[in-house]
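Here are a few notes from going through the side-chain contacts. Have the model open while you read.

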Amino acid sequence: GPAGSGKTTISKKVVESLEGVWAYLSQDEIRLFIKKGYKYPEEEWTDETQKQWDISISICTDIIQEYYNAGINCVVELFAPPSEFDEKWKPALKDIEYKIVVLLANAQVTLYRNRHRIGLNAMKELQVREHIGWFDKWQDSDVKKVETTNRSIEETIAMIYRILDEK
């Protein structure tokens, strides 16, 4: 989902409570492996920003494949509108069984949550609105979506469990 939909909070809580062996991966945390010369998408999108973004996807999908080969499940927190998921993530995960859950929140809540972010995690309002528009495109897909606007963390996690239990 877009920034402010609850991806980090919910993903970490879900992985902590699942049975078996699970890894948690965050595309944002992998992007932050770059310590000098890191390009913040929140500031400006350049060719270098795109390169770093694409590398983070490649690293994430490589790690997912390694865990999968070792019999370790993954919860992956990522930012991927439908077109990017189809173009970059899906081909790299073609041999892996996975379920997608897109977290969504309405614009008012997303903007509110963003205003309470600290430092570089805070995005400009225009960017947040743009991201919301990108993720609205998931509405027309058969991907499972969870609306987090009026749900507690516990209610959201319960909905995700129901989705994970579906065959």
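This is a predicted model: local features need pLDDT of at least 70, side-chain atom pairs count only at pLDDT 80 or more; totals for chains, interfaces and linings use all residues.

1. Aromatics first. Searching the whole structure turns up four aromatic pairs. One to look at is W45 with W53: the ring centres sit 5.7 Å apart and the planes make an angle of 65°, so this pair is edge-to-face. W45, W53 and F79 make up one aromatic cluster.

2. W53 comes out at 7% relative accessibility and is buried, whereas W45 has a relative accessible area of 42% and is partly exposed.

3. On to charges: the count is six salt bridges. Among them is K12 with E29, at 3.9 Å from N to O. This pair links distant parts of the chain, with K12 in helix α1 (residues 7–17) and E29 in helix α2 (residues 27–31), 17 residues apart. K12 is partly exposed at 34%, and E29 is partly exposed at 41%.

4. K88 and D54 also form a salt bridge, at 2.7 Å from N to O. Here too distant parts of the chain are linked: K88 belongs to helix α4 (residues 82–92) and D54 to helix α3, 34 residues apart. Both ends are partly exposed, K88 at 28% and D54 at 29%.

5. For a local example, take E48 and K51, whose side chains meet in a salt bridge at 3.6 Å, N to O. Both lie in helix α3 (residues 47–69), three residues apart, about one turn of the helix. E48 is partly exposed at 30%, and K51 is partly exposed at 46%.

How values were computed. Residues are numbered from 1 along each chain as its sequence is written. Side-chain values use heavy atoms; hydrogens and water are left out. Rings of Phe, Tyr and Trp (its six-membered ring) pair if their centres lie within 6.5 Å; planes under 30 degrees apart count as stacked, over 60 as edge-to-face and the rest as tilted. Buried means under 20% relative accessible area, exposed over 50%, partly exposed in between (1.4 Å probe, protein chains only). A salt bridge is a side-chain nitrogen of Lys or Arg within 4 Å of a carboxyl oxygen of Asp or Glu. Helices (H or I, at least four residues) and strands (E, at least two) are DSSP runs, numbered from the N terminus.
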